[in-house]
Amino acid sequence: MSTLDAKIAALAAEYRPLAAELLAEAIRIPADHVDTDDPSCGLSNHEGPRLEYMKRRVIELGSVRRPEDVDFDEFGNLVWNVWDENDGIPMADKKVIYLDGHTDTVMALRGQWLEKIGGGIDAYNGLTDGENVDRGFLRRELGHLPPPDEFDNLLFGRGAADQLGGVIAEIVATKILLETCDLGSLKGCIVRAYATVAEEDNDGCGPMYLMGKILPTATADLVPDVVILTEGTGDAAKGALGIYRGQRGRMQIQVTVTGRSCHGSMPWEGLNPLEYGAAILVEAADRYHRAEGFKDHAFLGAGTRTASWAHLDSPSDCAVPDKFTFRFDRRLTVGETPASAVEAIAELPAVAKAREAGLQVEVVVPKYSEPTWRGYVPGNDQIYMGWETPEDHPAIQAAAATYRAVVAPHIP
């Protein structure tokens, strides 16, 4: 282990309590708002209080040299930058490393946490009463719990794993980088750390904003040479920490079936979109379960499709509805395209049958138009392409070498 490796490992151990403190507070913050001014605090497009806290702590902890090195971009992402000002390498010639992690979570379901876990763990306040925790339930639900003597090492709450822990790691990492700068940790590189927003609702929208709005006209010191996603990589079988080098893509496919409403006592006068739409859902599910029209990939796995959301427009529950809208969550593997995934739904016999009966069937990719917490309207198609970085890529090899030097000696 080099002097730099040893220093990084020592500082990481020293700052572990700090990281736990930051993570616990980032998780807790919505509790100040969900019962008062914002029931959606902490969810996509409602990350403001959490981000304001993170910005303040980035400055206070010395994760940037100057307060002006951290700020919010137009989209609402928190961005901060560190580099070695004395390495003699022009900014345009430095390698650029992006760190990325999202700051929103899915709905907390706070009442269910208290009810099902036994009352000792709160979705925001974490472990409140260790004696009132149904550990058998947790083990069945999660598939794994550490031994009882390690239970106090756990930190609970909505976002602990997905994905606030990764953002806190960015804050601590940039602090350590600046504190080891004299040992060469930042020589020849710029680290741009992002705490992004609205990812749970609109996967990858923060990076998509950069790709679409910033990077096309950016100077060299803004264009990344490598991106490190700080998503959790724990595996119950393989261990607590890993290096991921790819994932499948995801898209939404929306189907709108429009019929003709009428009174439920005379259904022959109407065209029922719920019944015809249900037939489409059943047929789509059957084809998926028989793996018809889905590709497989040795590394990333097979493409998948599942019905994920529905809305019915109807004048009453004793009428033929007017419109039935539903969505498929479609995971794309190598060789699959958004166009082919949409076409697979549009060409289902159940779709043709509905149209032949006189109903309108529209199969589209929906756009995401909810404004971010800063008021920016993304307007992107809900398509999020997959990626794979080859195992022999220099970035993967560098990550593996660093892992072996800094992590492996401390994590079995």
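# Salt bridges, cores and a buried aspartate

Arg245 has a relative accessibility of 17% and counts as buried. Here buried means under 20% relative accessible area, exposed means over 50%, and partly exposed lies in between (1.4 Å probe, protein chains only). The model is predicted, so local features need pLDDT of at least 70 and side-chain atom pairs count only at pLDDT 80 or more, while totals for chains, interfaces and linings use all residues. Residues are numbered from 1 along each chain as its sequence is written, and side-chain values use heavy atoms, with hydrogens and water left out.

## Salt bridges

The whole structure holds 23 salt bridges. The criterion is a side-chain nitrogen of Lys or Arg within 4 Å of a carboxyl oxygen of Asp or Glu.

Arg245 pairs with Glu388, with 3.8 Å between the closest N and O atoms. Arg245 sits in the loop between strand E7 (226-229) and strand E8 (246-247), and Glu388 in strand E18 (residues 387-388), so this pair ties together parts 143 residues apart in sequence. Helices (H or I, at least four residues) and strands (E, at least two) are DSSP runs, numbered from the N terminus.

Asp35 bridges to Arg110, its closest N and O atoms 4.0 Å apart. This pair links distant parts of the chain: Asp35 is in the loop between H2 and H3, Arg110 is in helix H4, and 75 residues separate them.

Arg66 and Glu85 also meet through their side chains, at 2.7 Å from N to O. Arg66 is in the loop between H3 and E1, Glu85 in the loop between E2 and E3, so the pair joins parts 19 residues apart in sequence.

Beyond pairs, there is a network: Glu21, Arg56, Arg57 and Glu60 are linked by salt bridges.

Accessibility of selected residues is tabulated here.

| Residue | Relative accessible area | Class |
|---|---|---|
| Asp35 | 64% | exposed |
| Arg110 | 23% | partly exposed |
| Arg66 | 27% | partly exposed |
| Glu85 | 39% | partly exposed |
| Glu388 | 36% | partly exposed |
| Pro216 | 56% | exposed |

Asp104 lies in the loop between strand E3 (95-102) and helix H4 (110-117). Asp104 is buried but forms no salt bridge. The nearest side chain of opposite charge is Arg50, 7.0 Å away. For charge, Lys and Arg count as positive and Asp and Glu as negative; His and the chain ends are not counted.

A polar atom of the Asp104 side chain does lie 2.8 Å from the backbone nitrogen of Glu200. Contact means heavy atoms within 4.5 Å. Not counting residues up to four places away in sequence, Asp104 touches residues including Gly42, Ser44, Glu47, Arg50, Asp162, Val197 and Glu200.

## Nonpolar cores

A nonpolar core is a set of buried Ala, Val, Leu, Ile, Met, Phe, Trp, Tyr and Cys residues joined through side-chain atoms within 4.5 Å. The largest core has 48 residues. Leu22, Met54, Leu78, Trp80, Ile168, Ile171 and Leu186 have the most contacts inside it. At least two residues of this core come from each of these elements: helix H2 (16-28), helix H3 (48-60), strand E1 (70-72), strand E2 (78-83), E3, helix H6 (164-179), strand E6 (189-196) and helix H7 (205-214). H6 supplies the largest share of this core, eight residues.

Take Ile168. With neighbours within four places in sequence set aside, Ile168 contacts Ala19, Leu22, Leu23, Ala26 and Met54. A second, separate core has 21 residues, among them Val255, Phe328, Val361 and Val363.

## Cysteines

The whole structure has zero disulfides, the cut-off being a pair of cysteine sulfur atoms within 2.5 Å. For Cys181 the closest cysteine sulfur is that of Cys189, at 8.7 Å, which is too far for a bond. Cys262 is in no disulfide either; the nearest cysteine sulfur, in Cys318, is 11 Å away. Cys181 is buried at 10% relative accessibility. Cys262 is buried too, with a relative accessible area of 14%.

## An exposed proline

Pro216 is in the loop between H7 and E7. Leaving aside neighbours within four places in sequence, Pro216 contacts Leu210 and Met211. Pro216 and Arg305 are 89 residues apart in sequence, and their C-alpha atoms are 33 Å apart in space.

Definitions and conventions
Polar contact = N/O pair within 3.5 Å; in protein donor to acceptor, adjacent residues only side chain to side chain.
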